Structures are given as C-alpha cells and as structure tokens.
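Hi everyone, thanks for making the time.

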Amino acid sequence: MKILVAVKRVVDFNVKVRVKSDNSGVETANLKMSMNPFDEIAVEEAIKLKEAGSATEIVAVSMGPAVCQETLRSAMAMGADRAILVQTEVELQPLAVAKLLHAILKKENPQLVILGKQAIDDDSNQTGQMLAALANLPQGTFASKVKLSGDGVEVTREIDGGLETVALKLPAIITTDLRLNTPRYVTLPNIMKAKKKPLETMTPESLGVDVKPRLKTLKVQEPPKRKPGAKVADVKELVAKLRSEAKVI
Amino acid sequence: MTREAMEFDVVIVGGGPAGLSAAIRLKQIASEAERDISVCLIEKGSEIGAHIISGAVMDPRALTELLPSWKEDGAPLKIPVTEDRFLFLSEKGSFRVPNFLLPPVFQNHGNYVVSLSNVCRWLGQQAEALGVEVYAGFAGQEVLYDENGAVKGVATSDMGVGKDGKPTEAYQPGVELLAKYTLFAEGCRGHLGRQLETRFKLHDGTEPQVYGIGIKELWEIAPEKHRPGLVMHTAGWPLPSDTYGGSFLYHFENNLVAIGLVVGLGYSNPYLSPFEEFQRYKKHPEIRQFLEGGRRVGYGARAITAGGLQALPKLVFPGGGLVGDDAGFLNAARIKGSHAAIKSGMLAAEAVAQALAQGRRRDQLEAYPKGFQTSWLREELYRARNFKPWMSGNLWFGSFMFGIDQMLLRGKAPWTLHLKPDHTKLKKASECEPISYPKPDGVLTFDRLSSVFLSNTNHEENQPSHLTLKDPTVPIRVNLDLYAAPETRYCPAAVYEIVRDAAGKNPRLQINAQNCVHCKTCDIKDPTQNIVWVAPQGGEGPVYVNM
C-alpha cells in the first residue's frame, strides 16, 4: 500500500512572529522554518503503518519555493521513501493546494493520504476536506487513532465532548490531530541517507492546475494586549467591579 | 542500543564563525589541491545561527581573506559603520569623547553593523555549497579518545532520555563521529573545550580566562530616529566604577537597533544583577531617546571571553585544537571577536590540511599555534592585551592607563598585566550592600520571563537537567547562606530560583532548565564552581533571529 503525506514548510513553532509595521502580514525574513507539526504527525503515522507492515511506500509532497526541499528532506530523514515538490513562487491557498494534491493523487494512486489537520501559520483547516471533496474520497479528520482493517480504515476522531470512530473505505483521506502520535527524533545517519533519496520537482503548470489566489488578505493585526490585573479588597468590591467595569454580571 | 559510528577526515563541533570558517577553508584547500577532505560539522542549535548572538560590529578583514567575493555572493554585511560615538555616562548626564581622542581600537571606520546569526546562516550555506556536511540540531556531548589518549572524535547526545535518566519511547542513541582531527568551536566556555583544557592542561603557564556577560535586545524603532550605521558605545553608569563593562547601541537595517550591555563577570557584589543593570541603562536619556516609540523584538544573552592574549590556552592537543572563543580569541578592547574567530578557524584548517596531506592523524597540530604566532591576529591581540586588566580595577584610572597604553605606546607597553578567575572575585553578601532595582515599566524595561520569551528558547521538559550540580547541598549551604544566591541574579533567563515552603522556610534551589539561553554564565560565575553546564538534547535552546 502506498501512502501520500503532505508536508508544509512553516515558521518554526518555537519562534514568535511579529506583524509587519504596515499590517500586510508577518515578518518572515531570517526566521527558522520547520515542518508543520501536524504534518510531522502525519509522516510519523505513515512510518508507523509501514513499520507495521501495512504500507509499502511513503511519498512526501510539499509545495512552494525551492527551499521546501528542506522540509521534504526532513520527511525523508524521518522515513519517507521519496518526495515530490510542486515548485512555485505563488502564494498557495488551501484550495490551490487541494487541487495540486488532487492532480498528484491521480498520478500516484495512493491508498491513503495523510495530512495535518491544519498548518500552524494560517490555521485554515481546509486542505484535507477540500481534497476529499475534489477527489470524491471518504475523509477521517482530526484523527487521534488510525487502524487499518481489510480494505478499510477505522479513524477515531477528536470531536467536541468526546471521540467518534468512523470506518472508511480505502482509498481515503486522513487529517491528523495532536494526540495521534509523537513524531520521532531524526537521527544523523538518517539525515545522511535522506540526502540520497529521490526528490522529484513539478510545477503547477505541468500538473495543469490554476493556483491563482482566491482570497485577499486585507489586514494582519496583533491581538490586543492584555490589560494588567488589579487586586480587590473584598468580595463586595469584586462584585461591584464585575458589574460596573467588566459588565459580566 | 549501541551507538553508530561514522568516520570523517575532520569533525568540527560548533557552527559559529570559527567552526564554519575552518570547514570552509578545509574544503577550499581540498579543492585547490584536488584532494578530498571529508568534513562534518555539528551544531547544537536547531539551525545554523540559532545560537549565535553578538553585537555586532564586524571587521571584514578575516572574512575577506576567507571569501574574497563575499560582497558579490550576498553576505549579509550591508550596513557600513557611518558614525562612531563613545560616551561616558553618569546617571543623568553624559560626556562624549571627541573622536580624535579615541584609541584606534574604538574606531570602526570600514566595519559593518551586522547580525552575526545571519552572517553565520550565510556562512553555513557557503560551507554546504562547498560540500561540508553540516548537521544542525546535534550537540557534541562527549569527547572520545583513542587508545593512545588522543582525541578521536565526539559523540552526539542521546535523544529522548527522560528526567529519570531512563530512555523514553522516543529514545534515539547518539552517534560517534570519528575523525583524524577534531576541532572544537563551541564558543565561549564550551563544555567540551573545558574538559579538554583540564585533561591536556591547556591553561598551564597562561593567565586564567576571564569573562563578561553580554545581554542584548533588538528593537524596532521609529523610522525618523533610525540612523543606519550609527555605532554608539558607553562606559560608566549604571555599572559601579570597579566593575568592568560597557554598552553598545548599533543602528542596523530595517529600523532595527541592537542594544546591549556587557558586564565583566569579575564583579564583586553578589547583589549585582547584570540583567537589571541593562534594564535600567535603557532609561538613560541618551539611550531612551532612540527607543521611545519603538518595540522590543528580540532578547538574548551570552558569556564572552575577555582575557585576551595572556589568557589564551594552548591551542592544540593530540588529535585536534580549539578555535574561536572556545580558546578565547575575542579582542575585548575592540569588543570584537568574529573576525578573530574566522581567522583562528582558517589557521587551524590550514594546519589540519597540511597534516592530512602528510598522511598524519591524531597528532599535535603544531602548525596552528605557529601560524597564529606570525599572524596579524596575534599582533592585534598583543596590542590590546592590557585592556581588560586595566579595566578590571577602576574605570577612570583604567581608561586613563589604557589610553596611555594605546595612544602613546600603541599597545607596545613593556608591561603585561595579570588576571584572576571571575568566580573567586565574589565577596560575601554580608560585606556588600544590597542593590535595589526599579520595577520594570513594561515599555522600556521588562522582567526576565517576558524577555526569555523573545529568545524563542525551548527545551523538552522530560529530560535530565542540563544544569548539573556537583554537590546538591552547595546552593543553600554556600550560595544562599554566604552569597545571597547570586545565580538568581546573574542568570539572564530566570533559570535559578530559590523557593520556600508556605511558611517561608526550607529554601531550596529550583532550576528551570527549560528557560536556559545557553549563555554559560552560571558555569563561570558560580563561586565554588558547583554548577556545571552540559549540553541538553540537540536542537533546543534559543532560536535567535537577526541577533
């Protein structure tokens, strides 16, 4: 069984971003970039399935400028077998990514596609769902457990107030939630080996996909600063303040 | 699980200017000679540059020697110094030293205001393009010795070891990186370099190394106040005149200003807090005028070497050598070390390449110290050698004497002064006045935790603390009782805290290792040298951006 995993290059989760002074976006120059943490979970899950003997090949896909190769090398250092980069300088929005993935799906015919539930930069949480719709495939989103059974897969989903288990027929789309697994540390020998694994480069044009942005960012703002707290002398004052100042009671 | 081993011609520990330059030089020589030299460089930061913090004004001399076409190749040295200002500060006032009175070491014409972390990112790319195997995210944890006692390489740290010292599910053993020669380029107070100094007695016959702690912030200031290339240094307030130190304020690109304070770690009052000194320094009228209306975007701290030539250890031992500030090449008088680091890396690389060409392995690289002796770097450090010792006494007398030393004698004075280790200089708390520092205002001055937040530092919490204590009773019995817990003040990252029970009794030292910015100050200043800094898992610690 072949598994396709989608990995996105994002600002590292440890790095604090700041909004550009003209509110057009966030400063990204010289920032450390890493694989989207939810995508790391996706790669890890694919490797687990391969180690368990359920999968035979893992193909990692990323999209964006040439530097996204680094993200793909990380995926291969974790254990993906080969990689595809769809190279473009155009800002890619979820719909464009889903369309590109759909085009790759048609070429690669994987039985399972695993994606992070969302990227930590734009927090869209759309790509997996859009891909399922475009490809007309069943989807198991927010997965906290994945179990293959025969020609299907059981996906336990994290939903409001509990867990839901759905059974999907393969091929299927899965998006990962935080509790699905803990990604492994990459080892130095595996990074070395990853340098020699095949990485194929394509373009949106070669896949026949229009990636033009559909959404326009009007303004990016920092969240308002939290106001400092104040000490109250007694319950009476607290109630009075909650009523008159905070207006919550 | 056993460790895998890999062999290279050369292994370099540390991806700063010294290590990267050594790697680049080795590959250059190999390609000129049409030979292959395999070079592996490891870096504990999550990427090259992540742990690099410096002022910085960079003298391009060594870089030009290493990579003559750095300008065309896009090196991030873009802001030439346009103006030098040197001020002596008092609490409210200032006195600007006329430029003609400034010794040449304080003049920066021809130098560049840079982010050294960005310069290193660029050097890392150059190194990789030349075929150096660069592995960031791997800390050198252990020096490996061969049967003759020569250094044969290093082992990287195990990943996924739990707080209890036992492997977790994520456990991955480290790897052994073996080499004919190993160069240590960990920067100031490298934890492996320290072990090598002890084992091979590298400091025998030299002065002890002395240090400073540099605390830096990056500010984005109002465009109308920004003067790219303006370089300002101060001495005096807020530091007492018996404490060595000074500040820098550099106008960098994109309305960014790098601002910092260096405090000599030979200070005597255990109540002194370099962090708080830095915070209140920003309130001086000469400084706040630039910062008001701006916002702080970065924070970090790092110990620097300040001992200069007389504190330089023996540079080589069987199987390798120390380069950059792992040895201590920083020129404290010029407050510059990156050019020295690059040059020392090049000199070591040339010695290694020569040895490899002769078919040698794991012996003494005598050509490295020899090359240094005849280099411009040695000449430069020789002239500056009396700066730190003069400044360790009294600022005013020291400035006067160093002035004579530099202006009249051009650094060729017939005297060379001595140094004492920093940790021995702390006085008992009972002999000192507590210092009360103002509360942070949240605009110009801040507390430690909101500062550490901006260093982007992180550590997996489930791992053994990388700040180790030789004797767990010392922090209370000695540090708290005699010195009023100085580690809670000199640590710029709020790693050390004395916590007490509900009744305010039973004090104990809490070590918040996940806050650590890898500055190494505790390893240096702890009065009984009870705190030993070791490397945590690779890929952790600060992630400096534009620092």
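Let's begin with a salt bridge: B:Arg334 pairs with B:Asp59, and their closest N and O atoms are 3.0 Å apart. By salt bridge I mean a side-chain nitrogen of Lys or Arg within 4 Å of a carboxyl oxygen of Asp or Glu. B:Arg334 sits in the loop between strand S20 (320-322) and H7 of chain B, and B:Asp59 in the loop between S3 and helix H2 (61-66) of chain B, so the pair ties together parts that are 275 residues apart in sequence. Over all chains, a search of the whole structure finds 41 salt bridges.

A few ground rules. This is a predicted model, where local features need pLDDT of at least 70 and side-chain atom pairs count only at pLDDT 80 or more, while totals for chains, interfaces and linings use all residues. Residues are numbered from 1 along each chain as its sequence is written, chains are lettered from A and ligands numbered from 1 in the order in which they are written, and side-chain values use heavy atoms, leaving out hydrogens and water. The helices (H or I, at least four residues) and strands (E, at least two) are DSSP runs, numbered from the N terminus.

Now to H7(B) and its neighbours. Which residues of H1(B) meet H7(B)? Among them are B:Pro17, B:Ala18, B:Leu26 and B:Ile29, and on the H7(B) side the list includes B:Ile342, B:Met346 and B:Val352. Contact here means heavy atoms within 4.5 Å. The contact residues divide into 11 nonpolar, four polar and two charged. For those classes, Ala, Val, Leu, Ile, Met, Phe, Trp, Tyr, Cys and Pro count as nonpolar, Asp, Glu, Lys and Arg as charged, and the others, Gly among them, as polar.

The axes of helix H1 (residues 17-32) of chain B and H7(B) come within 7 Å and cross at roughly 40 degrees. Axes are lines fitted to C-alpha atoms, for helices over the stretch in contact, with angles from 0 to 180 degrees between N-to-C directions.

H7 (residues 338-357) of chain B also packs against helix H9 (residues 376-383) of chain B, at about 140 degrees and with axes 10 Å apart. On the H7(B) side we find B:His339, B:Ala340, B:Lys343 and B:Ser344, which meet B:Trp376, B:Leu377 and B:Glu380 in H9(B). That contact divides into three nonpolar, two polar and two charged residues.

On to the sheets. Seven strands of chain B make an open sheet with mixed pairing, in the order S6-S5-S15-S16-S17-S14-S18. Strands pair if DSSP finds at least two bridges between them. Strand S6 (94-96) and strand S18 (295-305) of chain B are at the edges with a single partner strand each, so one side of each has no neighbour in the sheet. From one strand to the next, the twist averages 20 degrees.

Within this sheet, S14 (residues 211-220) and S17 (residues 256-264) of chain B are antiparallel over nine bridges, and B:Lys216 has B:Gly260 in S17(B) as its bridge partner. Helix H5 (residues 274-281) of chain B packs on the sheet, and its direction makes about 135 degrees with that of S17(B).

There is also an open sheet of three strands, ordered S3-S7-S4 (chain B), with antiparallel pairing. Its edge strands are S3 (57-58) and S4 (79-80) of chain B.

Finally, a hairpin: S11(B) and S12(B) have five residues between them, and B:Gly165 in the turn has a positive phi of about 85 degrees. B:Met159 has B:Gln172 in S12(B) as its bridge partner.
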